[in-house]
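Thanks for coming. I will show one structure today and walk through it in a few minutes. Please look at the sequence and the model first.

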Amino acid sequence: MADGSDTTMTAEQTAEAPHGLVAGIRSFAAGHGGAKAVIEYVGKRGARIVLVGEDGVWGDQFADDTVVARQACAEAGVTVENAWERELMDQMRPSNDLWRSMARRTMAR
């Protein structure tokens, strides 16, 4: 079982990924020269699929759970990384808009 995950892939766990989710992942990968994904479990909300394009642009999608997220990535032909590796993080290039939005945030105490 991977860190941060509460599910274990077994033969019984199969899920059909929504076509819109698969199409969105496939579209992102096509528009950015390919992509890799990291799946993050976010509790009752499901799973967040963070996509990192080969050009450094990143985005995300949400799935009902980690099984659906992995299935959607597999159907879209996107490699799922097991964790945030340094090479993947170094590849990310935040947009100027994201830097501006982070600068406006104030840390609450």
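How many salt bridges does the structure hold? The structure holds two salt bridges, where a salt bridge is a side-chain nitrogen of Lys or Arg within 4 Å of a carboxyl oxygen of Asp or Glu.

Before I go into those, a word on the source. This is a predicted model, in which local features need pLDDT of at least 70 and side-chain atom pairs count only at pLDDT 80 or more, while totals for chains, interfaces and linings use all residues. Residues are numbered from 1 along each chain as its sequence is written, and side-chain values use heavy atoms, with hydrogens and water left out.

Now the overall layout. The chain has four helices and four strands; these are DSSP runs numbered from the N terminus, with helices being H or I of at least four residues and strands being E of at least two. Along the sequence the pattern reads α-β-β-β-α-β-α-α. Of the 109 residues in the chain, 29% are buried. Here buried means under 20% relative accessible area, exposed means over 50%, and partly exposed is in between, with a 1.4 Å probe and protein chains only. For contacts I use heavy atoms within 4.5 Å. Among contacts between residues at least 6 apart in sequence, 54% join residues at least 24 apart.

Next, the sheet. It is an open sheet of four strands in the order S3-S2-S1-S4, and the pairing is mixed. Strands S3 and S4 (79–81) stand at the edges with a single partner strand each, so one side of each has no neighbour in the sheet. From one strand to the next, the twist averages 30°. For such angles, axes are lines fitted to C-alpha atoms, for helices over the stretch in contact, and the angles run from 0 to 180 degrees between N-to-C directions.

As for what holds a sheet together, strands pair through backbone hydrogen bonds, either parallel or antiparallel. In this model two strands count as paired if DSSP finds at least two bridges between them. S2 (residues 47–53) and S3 (residues 58–63) are antiparallel, with six bridges. One example is Ala47, whose bridge partner in S3 is Ala63. S2 and S3 make a hairpin with four residues between them, and Gly56 in that turn has a positive phi of about 95°.

Helix H1 (residues 19–31) touches S1, S2 and S3, and its direction makes about 170° with that of S3. Helix H2 (residues 66–76) touches S1, S2, S3 and S4, and its direction makes about 175° with that of S1. Arg70 is found in H2, and it counts as partly exposed because its relative accessibility is 29%. Arg70 and Ile39 are 31 residues apart in sequence, yet their C-alpha atoms are 7.6 Å apart.

Gly53 is worth a stop at this point. Gly53 lies in strand S2, and it is buried, with a relative accessible area of 0%. Setting aside neighbours within four places in sequence, Gly53 is in contact with Phe28, His32, Gly34, Ala35 and Gln91. Of these, Gly34 is 19 residues away in sequence, and the C-alpha distance from Gly53 to Gly34 is 5.7 Å.

Back to the salt bridges. Arg48 and Asp60 meet through their side chains at 2.8 Å, N to O. Arg48 lies in strand S2 and Asp60 in strand S3, so this pair ties together parts that are 12 residues apart in sequence. Glu40 also forms a salt bridge with Arg48, with the closest N and O atoms 3.6 Å apart. How accessible is each member? Glu40 is partly exposed at 24%, Arg48 is partly exposed at 23%, and Asp60 is partly exposed at 33%.

Last, the rings. Arg45 lies over the face of Phe62, at 4.8 Å from the ring centre; a charge sits over a ring if NZ of Lys or CZ of Arg is within 6 Å of the ring centre and within 35 degrees of the ring normal.

That is the tour.
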